[in-house]
Amino acid sequence: MTNPVQAQRGSHELTDWNPEDPERWDSKLAWATLWTTTFSLTLGFMVWFMVSVIAPMLQNAQIVDKSQGFWLVAMPGLAGGTLRLVWMFFPPIFGTRKMVIWSTVALWAPMIGWVFTLVQPAEALQGQFKWMMCLAFLTGIGGGVFSGYMPSTSYFFPKSKQGVALGLQAGIGNFGVSVVQLLTPGILISIGIFGPGKVIPKAKANAEGLTFLQTAPAFILVLLVLAAFLAYIVLKTVPIKANFASQMDIFRNKHTWLMTLIYVLTFGCFSGLAGTFGMMLNNMVPSVPKVAWLGGATIAFLGAFTGSMSRVLWGPLCDRFGGGIWTLVSAIGIGGSALIVIAALNGTRMIPEEELARNDEGVITQIAKCEVPLGLFLVGMLSLFFFAGVGNAATFKQMPMIFPPRQAGGVIGWTAAIAAFGPFMFSYPMNQLSGSSGNFGQKIIPVFVIVLLLAVVCAVIDWWFYTREGAEAKS
């Protein structure tokens, strides 16, 4: 049998490719494709969640207020979900190579925009909220590409290896969130090689410090150029073709809608809480703990790191035991974690007037006016992130088992698109519920009550349709 790579020497189109047939599958090419696209996807997540790091800094510097900060965090989620509805159709239309190259190039635009915006003086930034909202929306491209990359990767691997392959790609891609949340406040904004710095008042410390906010998008931009070059050199396209109309049949299958609801629980919680975790801490913790040996980065990166790690680690376990049982464990775990978070939020206390930090003129300088029981809150949140990661790995094992290859790619793209609205689904209600004053923690409890109820519903759905003995689509 002719090797599929050799069949079209000098061409980027593969022929006679079938991952289920060892004679018609090239494992080296499949893994090279995985690592190349995963690098680009990780940068996409860094682009998507960069604003979640910058927004608390802008709030601390009094460039934006709480409401504007939450809106900046919400916009990438709104855009990411919307753009995933577009990208989900790209793999069988354009092919892996073209899609990844041009998707990576598209990510240059918001990073260039943020570099030229953040290099301006702090005084000039205060009048550019609407422009920053536009740039925040464009960073949603980083979330949109996921619904193209993941279905494309499923074309390159047999079903027996898709749990590991998709778990690795999505999990490592998710690490882009924690990487940007770790590097930006801890290291990047102290580096001034990408333009002049500016003096931004640090509200909590009543002091001034030279910062280089533009370094974060500039650093990502350099890596995006490298990623586009690697995609041009390494990637090829498998012969799976479909037009827009032929992909619409997934919506006639009830399992598309059931898996969408489950993935909203798992990835919706991961993306939504990863985006809002920094703002939540900023408004409920008078002094957000920092990790000194990591350049002084705040603990906000721990949420995304925990969820990403569990997603990577559970890929092989899902291949071994099936995705359905781990999705059930995930739903139960998320529900239990939500209860812990609710208990912590209910214990949030208002800080007495005399305990508020003030400057020499007596003006209140701290952001948080209430204080959450931090230990209990972190246990609940990090547990929730952990089980969300397990569920993300499990659902991506389930979908290729439930649907045929062409449909599986479309369903992965669709479910990922809807769940990508997570940052908006969490940021908007938190912003609306919390208002301009009062106990922030207690006011946002309804958000986690909804998470708890959704977890119960998804646990029942998964057990009935995918896990119990004799289930309709046991996976």
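In which helix does Gly 422 lie, and what is found around that part?

Tutor: The model is a predicted one. Gly 422 lies in helix H17, which covers residues 422-434. Gly 422 is buried, with a relative accessible area of 0%. Leaving out residues up to four places away in sequence, Gly 422 touches Gly 268, Ser 271 and Gly 272. As a contrast in distance, Asn 359 is 63 residues from Gly 422 in sequence, and their C-alpha atoms are 37 Å apart.

Helix H12 spans residues 254-284. The core itself has 127 residues, and Leu 72, Phe 377 and Phe 448 have the most contacts inside it. Another core, of 14 residues, lies apart from it and includes Leu 29, Phe 157, Ala 165 and Val 238. In soluble globular proteins, nonpolar side chains tend to be buried together.

Helix H1 (27-60) and helix H2 (66-87) each supply at least two residues of its lining. By class, the lining of this cavity has seven nonpolar residues, three polar and no charged.

The second largest pocket has a lining of another make-up: seven nonpolar, 10 polar and three charged residues. The space in this pocket is about 400 Å³. Its lining numbers 20 residues, and Lys 66, Asn 283, Ile 367, Lys 369 and Ser 436 are the closest to its centre.

The cysteines come next. Cys 269 is buried, since its relative accessibility is 3%, and Cys 370 is buried because its relative accessibility is 2%. A disulfide is a covalent bond between the sulfur atoms of two cysteines. For Cys 269, the closest cysteine sulfur is in Cys 458, at 9.1 Å, which is too far for a bond. The disulfide count for the model is zero.

One is helix H9, residues 146-154: nine of its nine residues are buried, so the helix is largely enclosed by the rest of the structure. The buried residues of H9 include Phe 146, Gly 148, Tyr 149, Met 150 and Pro 151, and also Ser 147, Ser 152, Thr 153 and Ser 154. The other is Ser 310, in helix H13 (residues 301-321). Ser 310 counts as buried, because its relative accessibility is 2%. Apart from neighbours within four places in sequence, Ser 310 is in contact with Phe 385, Phe 386, Gly 389 and Val 390. Leu 166 is 144 residues from Ser 310 in sequence, and the two are 13 Å apart in space, C-alpha to C-alpha.

Definitions and conventions: Residues are numbered from 1 along each chain as its sequence is written. This is a predicted model: local features need pLDDT of at least 70, side-chain atom pairs count only at pLDDT 80 or more; totals for chains, interfaces and linings use all residues. Side-chain values use heavy atoms; hydrogens and water are left out. On a 1 Å grid over the protein atoms alone, a cavity is a set of points where a 1.4 Å probe fits but cannot get out, and a pocket is an open set with protein on both sides within 12 Å along at least five of seven lines; lining residues have an atom within 4 Å of a point. Grid points are joined across faces, edges and corners, and a volume is the space filled by probe spheres set on the points. Ala, Val, Leu, Ile, Met, Phe, Trp, Tyr, Cys and Pro count as nonpolar, Asp, Glu, Lys and Arg as charged, and the others, Gly among them, as polar. Helices (H or I, at least four residues) and strands (E, at least two) are DSSP runs, numbered from the N terminus. A disulfide is a pair of cysteine sulfur atoms within 2.5 Å. Buried means under 20% relative accessible area, exposed over 50%, partly exposed in between (1.4 Å probe, protein chains only). A nonpolar core is a set of buried Ala, Val, Leu, Ile, Met, Phe, Trp, Tyr and Cys residues joined through side-chain atoms within 4.5 Å. Contact means heavy atoms within 4.5 Å.
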